[in-house]
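Got your viewer open and a selection tool ready? Let's take a short walk through this one, stop by stop.

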Amino acid sequence: MTQSELSNIYRDYIACLNGQGWTSLGRFVDDDVKHNGERLGVSGYRRMLERDFSEIPDLSFNIELLVSDPPYIASRLRFNCTPKARFLGLGVHGRTVSFAENVFYEFRDEKIVQVWSVIDKAAIEAQLLTN
């Protein structure tokens, strides 16, 4: 798989998330996918995403930076959203916050098999102090 092909698959995956196309998720995510070392499988991964969208109705994944080095993707995702209640243990409660997520993906057979994700919680904390 070329860098360009992998980047295109990833962009289609992000479009699937933003469109909440859960029935298509298996096209992008392996049956044995792991997230931060925990095996979720595609059904657990879907539940995680559905929960995220339930808790953050205006959630949108926006690619800020994308690096493709097959079989890996590195991406910096930007979020500007309004969690309904607590988020990452923080009392956001309907305030709009902006933050980034740095995430690495490993692909096999054009599907995500591993995800390593770090969210910039400090950026959210700083916003909550000033609001």
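Begin with the lining of the largest pocket: by class, you will find 16 nonpolar, 3 polar and 4 charged residues there. Keep in mind as you go that this is a predicted model.

Next, highlight His35, Met48, Asp52, Glu101 and Ile119, which lie nearest the centre of that pocket among its 23 lining residues. The space inside comes to about 400 Å³. Now colour helix H1 (3–18), helix H2 (41–55), strand S4 (72–81), strand S7 (97–108) and strand S8 (111–119), each of which supplies at least two lining residues. H2 gives the most, with 6 residues.

Zoom out to see S7 and S8 pair in the antiparallel sense over 8 bridges. Follow them to their hairpin, where 2 residues separate the strands and aspartate 109 in the turn has a positive phi of about 50°.

On the S4 side, S7 runs antiparallel to S4, joined by 10 bridges. To pick out one of these pairings, select asparagine 80 and its S7 partner, serine 98.

Last stop: the largest nonpolar core, with 36 residues; select Tyr10, Tyr13, Leu25, Tyr45, Phe61 and Tyr105, which have the most contacts inside it. H1 gives the most to this core, with 7 residues. Which residues does phenylalanine 61 touch, leaving out those up to four places away in sequence? Show Ile14, Leu17, Asn18, Leu49, Phe53, Leu77, Arg78 and Phe79 around Phe61 to see them.

Note on methods: Residues are numbered from 1 along each chain as its sequence is written. This is a predicted model: local features need pLDDT of at least 70, side-chain atom pairs count only at pLDDT 80 or more; totals for chains, interfaces and linings use all residues. Side-chain values use heavy atoms; hydrogens and water are left out. On a 1 Å grid over the protein atoms alone, a cavity is a set of points where a 1.4 Å probe fits but cannot get out, and a pocket is an open set with protein on both sides within 12 Å along at least five of seven lines; lining residues have an atom within 4 Å of a point. Grid points are joined across faces, edges and corners, and a volume is the space filled by probe spheres set on the points. Helices (H or I, at least four residues) and strands (E, at least two) are DSSP runs, numbered from the N terminus. Ala, Val, Leu, Ile, Met, Phe, Trp, Tyr, Cys and Pro count as nonpolar, Asp, Glu, Lys and Arg as charged, and the others, Gly among them, as polar. A nonpolar core is a set of buried Ala, Val, Leu, Ile, Met, Phe, Trp, Tyr and Cys residues joined through side-chain atoms within 4.5 Å. Buried means under 20% relative accessible area, exposed over 50%, partly exposed in between (1.4 Å probe, protein chains only). Contact means heavy atoms within 4.5 Å. Two strands pair if DSSP finds at least two bridges between them.
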